[in-house]
Each structure stands twice: as structure tokens, then as C-alpha cells.
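Student: Could we go through this chain together, step by step, with the criteria stated as we use them?

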Amino acid sequence: MRILFAVALMVMVPVSGAAKYAGEFLSIGAGARGLGMGGAFCAVVDDASSGYWNPAGLYMIQGQQAQFMHSERFGGLVKYDYLAYGRSDGVTGLGASLYRTDVGDIPNTNSLPWYDTGSDGVFGEDGTGEPGDAGNDDYDPVSNPGGTEGNGEWDAGEEIIYDESLITYDSAVDWALYMSWSRNLSQVLSVGASAKVIRRGLMGYSAFGLGLDIGARYQPSSAFSVGINLQDITGTHLFWNNGVNESVLPTVKLGLALRWPITKFATLATFAADGDFRFEGREYSAQYNFSGVSLDTHLGAEFLIKDLVALRIGSSEGNMTAGLGLKFSLLRHPVSLDYAYLGHQDLDATHRVSLGAGF
């Protein structure tokens, strides 16, 4: 654990070429169980979704497990699908998970014509045009000696001629493949890693990237556990086919979980909290910001009744979450069906449904 916390300090060093939100699609989450708990799952996870939340928990799977989730984010604006497989012999865990996001029907207005008036919005050069003509149109003797009028490029202030027939529609589709491994080092400590292969597509452009997450999970007793997941630890580098390169800066995900049985009601209660520390200088878009280091919080609770029904509630970055889970047997195989709800102050709610099966 000391080594991992030392590495956590190392990832605070900025990565050259990093871009804010370049890896935002990787922060959606996996599995309706963890998402119903507000994404506070780093120290809790013990199923096939471990490859995402904390690969160190993958060894806790009993036998083999498959999991699928579909999500309609923000009223259907973003479609998100997740498929995972994991297996363990009780000491070593292996897994693979695939993630896909799809934002369709994005309008492309690049073909719309405009009035090439210059930034003042009025035809005429050097003040000889219509009344109101600024004359200089952002003239600069070095960088813009001809001004912006008639330069053949759209400039802020120029009127676009709206013609719906000239608008085309395209999509943004992102894929991520995680290959995960974990190892139980002792009765209280496990470690794991997830190698990531990423492909992004946006309006006819595409990008390819590689990344790595490493994690650890410490559980000194059945009532308490701590988890850490160093996501994109070396920087996840994305190379676009138009020559643009981006780097996703590391995120340090810290989590803790408390569990205790409520024997009177045959219920196991779990309370968890996660903190995501990022180094992109997000400032006002994050919950908390400290000189370029941002913190987003995740809080959650789960009440598992008679190992059959689960009730969940939480908070993800200040937005309310809730969930419901059912466990049952189908053809002698354990099956779990989970639902998660995410509210939002400005956008429509998000609904997630996932299905898991052991074999």
C-alpha cells in the first residue's frame, strides 16, 4: 500500500499535451449496482465490474461471472453499453470489459454559408461601407494585415445564412476495452491492474489510445475496507487521424466502505464513500478545487435484505442516485438484476439497467 500511495503522488506531475475532459467518457461507470450507490464502489467492488472501479477486487468473484448494462443518459441523449466477463480461482482474477458510448444526430453546420463582412458585421473596408462599419475589422499590421472582411473564413460577428437543407448529421462513438488482472497477496491485501485500449470517433475523425490503471484493496476485517485505483497512471494518450494528440491526465480514486449486519431484519448494510482527485485544473466544473487539483465526491449506501433484495441510495458529484437489485437462481445459476437512477439539476434523469450471471 505504501508503494501505491507513493505512485499516487507521482501522478500529480502534469502530462505534456493534456486536455481537459479528453477522457470524460471513461468516467461514466460500470454496473447498475455501483452506480445506484453514487459510484462509491472502489472499496466495495467484488464482481465483474471490478475491472473499471478497482481491478484489485476481481479475485473476489466466485467462479465465473458475466455482466451487461445498458444506459440512456440524460433522457436518451447519450447511449451507453457495457459488457464484462470475469473469473477467479480465489487467488488470481482475470477479466475483460467493453464499453461503448454513442451520441447520435449531431448537426454539422460547416457547410452553411455566411456574409463575409468581417468581425464588425458590416460590409465595407476602412470605414467606407454602410453606417456602423468599424473600418478596421480586427486589422493588425503583422497577424492580420488584411482585416477579417473578405478573408474567406467565418469570423465571430459575421452572420451565418441558415439553410436547413445544408445541415448534415453525424455521430460520436467511443469504445474502450479493459483487460484486467488481480492477485490476492494476503488475507487482507490484494492488487490489480487494467490495461485499456481506446478508440474514439467524432464526425468523421478517429483516434486511438492506450492507458493503464492499477489498484489495491485493503480489508483488515469483514466490516471495513479501503480501496485505491490510480486511473490512467502514465497518462492515456490519444492520437487523432488529423494530427491532433491528447493526453488524459491521471485520476486518483480513493474509497472506503463500512459493513455490518442488522440481524433483526436479516439485512447487510454497506456504507461507502469515494473521492476522485483530478489534476486538469477543472476549477468551477468540479465540486471542489484546490490550486488546479479538483475533487468530486461519491457517497452511497446499500441494504441487502435476506440476500435477495437490495435497496440503494447515494450521491454522485452532488446529484442524487438510487437503485434496486434482485438476486435469484435461474437454471441453478445465480442471477442479479439491477436498476440505477441518476438525477441532474439541468438535464433529464439517467436510467441504467444491468444483468449479471454466474456460472
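Tutor: Helices (H or I, at least four residues) and strands (E, at least two) are DSSP runs, numbered from the N terminus. This is a predicted model, in which local features need pLDDT of at least 70 and side-chain atom pairs count only at pLDDT 80 or more, whereas totals for chains, interfaces and linings use all residues. Residues are numbered from 1 along each chain as its sequence is written, and side-chain values use heavy atoms, with hydrogens and water left out.

Student: In which strand does serine 247 lie?

Tutor: Across the chain there are three helices and 17 strands. Serine 247 belongs to the strand spanning residues 245–248, which is β9.

Student: Is serine 247 buried or exposed?

Tutor: Buried means under 20% relative accessible area, exposed over 50%, and partly exposed in between (1.4 Å probe, protein chains only). Because its relative accessibility is 5%, serine 247 counts as buried.

Student: Which aromatic pair links strand β2 with strand β3, and how are its rings arranged?

Tutor: Rings of Phe, Tyr and Trp (its six-membered ring) pair if their centres lie within 6.5 Å, and planes under 30 degrees apart count as stacked, over 60 as edge-to-face and the rest as tilted. By this rule the count comes to nine aromatic pairs. One of them joins tyrosine 82 and tyrosine 99, with 5.2 Å centre to centre and 25° between the planes. Tyrosine 82 in β2 (residues 78–88) and tyrosine 99 in β3 (residues 92–108) are 17 residues apart, and the arrangement of their rings is stacked.
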